[in-house]
Amino acid sequence: MSDLRDSMTVRRCLTFATGLLECLCFAGAVFGWASLVFVLKMEGYFSSLCVNATINGTQVLDCSGQDEQFSLVFTIASFMNNFLTLPNGYLYDRFATGAYFSPFLSPSALSVLLFPALSFIAVGGILFLMTNMQVGNLFGSRRSTVITLYNGAFDSSSALFLIIKLLYESGISLHASFLFISACSTIHLFRTFFLLPKTTIPYPLPDGYTYGMTCGKTKTFSPRQVATKDDTHKDDAVEGMPFNKDSPPKQEKSFRECFLSWFFMLHLMWLSVMQLRHYLFIGTLNPMLQRMTRGEPSLVSQYINAFAITQLCGVLCAPWNGVIMDRHKGKPRSPGTADLRASVLSLFLTALQCVLFSVCAATPFLPLQYLTFILQVLNRSFLYGGNAAFISLAFPPCHFGKLYGLVMALSAVVSVLQYPCFALVKGALGGDPLYVNVALTVLSMLAFIHPAYVYLYCRRLASQRAKSKEADTSSA
């Protein structure tokens with residue numbers, strides 16, 4: 001029995017480590033778009049859209065059409081990344097763990113193939129994240145920390161395109177780099193078939209839960225087998241147990257009730273406005289730097305490298321948010337409110353970071369963009385990790401996959417506004433993004449409504465409980 005527990009511990013740790021590596025190296029590569037655009041421009045993608053123009057009597061090469069096309073590629077890919085989370089979530093719930101990642105790039109002569117190429121990369125990456133977030137279910141009171149850590153690794157993986165950019169500048173072709181990444185897909189397949197279980201990992205873990213995979217008639221590692229009822233496994237299930245063992249089990253809310261609740265609606269707004277700000281920043285970073293540096297290629301390359309390097313810190317920033325949300329676990333708490341109270345600080349800090357990031361991004365001062373990059377990666381790490389963690393705290397676990405997929409899909413619809421914003425800047429605003437940046441900064445402030453509502457809800461619930469307790473005491 002001791003050997004069985006040791007085997008389970010090794011498998012659990014190996015699953016966590018390989019999942020972290022998977023997310024860190026591949027899952028969010030699409031968000032390193034700014035680095036890849038730099039290479040694609042040098043390769044001549046959409047170069048036919050560049051035209052000669054006369055500005056103040058000087059002949060210049062106007063590539064605004066090329067920039068607009070690149071922005072459209074990223075808009076569609078980021079939309080697919082989020083919107084397909086909903087059907088992928090249903091498929092995931094039905095067919096359990098597994099993901100596939102198929103990166104490829106088209107030759108510059110067929111630039112239009114960038115649209116499906118980047119979309120495949122985006123969709124494959126989000127499947128990695130969805131598959132691996134359930135690993136947090138294995139870690140009991142540290143569940144939110146693990147979930148946010150995986151989301152941080154997802155953010156950091158955007159540095160993959162920086163590596164491709166640096167290799168390209170060293171003489172390695174874009175085609176060779178992507179062939180190598182495609183070959184790495186075999187690693188993901190091996191992990192899926194030989195490490196992950198065929199069914200989803202439940203939460204909370206049942207008493208005596210044995211983690212492993214089912215292989216033929218082998219029963220030793222069946223994920224639903226009850227091996228023992230020792231205290232070690234009981235600790236993993238404590239988080240989901242009722243606070244009063246004598247009280248009847250609480251009836252869970254239906255999916256419809258969760259979807260129509262103020263919690264979900266305000267959380268959707270919280271995610272959507274900040275995600276739109278991030279997507280527009282990433283999608284327009286290259287032309288923004290072109291404008292600020294007056295087209296100096298070496299300076300543009302320097303700032304893009306700096307941006308991509310800061311993305312690596314996402315995996316270090318995200319767990320801070322998980323620690324904030326997990327800080328009350330294991331302590332005496334009031335039923336139903338302590339976890340939500342813990343989330344208020346996380347939601348507020350995320351909204352504050354976004355406003356500060358947006359203000360810096362709207363300031364046309366080149367050296368300040370280093371601070372913008374730092375705030376952007378910090379905020380993005382908090383945003384996506386906090387999104388998953390809040391849904392896991394505020395709603396019944398049985399609806400997590402559907403609600404997570406739905407909030408990502410609906411926020412994707414809002415994120416499509418990034419393309420009209422880009423077209424507005426390039427058209428009516430003459431390339432000056434100031435007014436759009438100011439509008440997005442004001443829009444980002446709406447995110448403060450969500451933590452305020454959660455705080456007032458918890459305070460109202462605590463007040464009602466205190467009055468009920470006083471009434472019971474006086475009647476006694």
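I looked up aspartate 67 first: at 10% relative accessibility it counts as buried, since buried means under 20% relative accessible area, exposed over 50%, and partly exposed in between (1.4 Å probe, protein chains only). The model is predicted: local features need pLDDT of at least 70, side-chain atom pairs count only at pLDDT 80 or more, and totals for chains, interfaces and linings use all residues. Residues are numbered from 1 along each chain as its sequence is written, and side-chain values use heavy atoms, with hydrogens and water left out.

**Salt bridges**

I searched the whole structure and found two salt bridges. The criterion is a side-chain nitrogen of Lys or Arg within 4 Å of a carboxyl oxygen of Asp or Glu. In one, lysine 41 pairs with aspartate 67, and the closest N and O atoms are 2.7 Å apart. This pair links distant parts of the chain: lysine 41 sits in helix 2 (residues 33-43), aspartate 67 in helix 3 (residues 64-83), 26 residues apart. Helices here are DSSP runs (H or I, at least four residues), numbered from the N terminus. Lysine 41 is partly exposed, at 22% relative accessible area.

I then checked lysine 165 and glutamate 169, whose side chains meet in a salt bridge at 3.0 Å, N to O. Both lie in helix 7 (residues 160-169), and because they are four residues apart, about one helical turn separates them. Glutamate 169 is partly exposed at 42%.

**Helix 5 and helix 6**

I looked at how helix 5 (residues 114-133) packs on helix 6 (residues 143-156): the angle is about 165° and the axes are 10 Å apart. Helix 5 is therefore roughly antiparallel to helix 6, a label for angles over 145 degrees. Axes are lines fitted to C-alpha atoms, for helices over the stretch in contact, and angles run from 0 to 180 degrees between N-to-C directions.

Valine 135 lies in the loop between helix 5 and helix 6. Valine 135 is buried, at 1% relative accessible area.

**Surface patch**

Leu189, Phe190, Phe193 and Phe194 form a nonpolar surface patch, with about 460 Å² of accessible area together. Patch members have over 30% relative accessible area and no salt bridge, and nonpolar side chains (Val, Leu, Ile, Met, Phe, Trp, Tyr) are joined within 5 Å. Areas come from the Shrake-Rupley method with a 1.4 Å probe. Phenylalanine 190 lies in helix 9 (residues 185-194). At 55% relative accessibility, phenylalanine 190 counts as exposed.

Technical notes
Patch = residues over 30% accessible without salt bridge, like charges linked within 9 Å, V, L, I, M, F, W, Y side chains within 5 Å. Helix = DSSP H or I, 4+ residues; strand = E, 2+ residues; numbered from the N terminus. Parallel < 35°, antiparallel > 145°, perpendicular 65-115°, else oblique.
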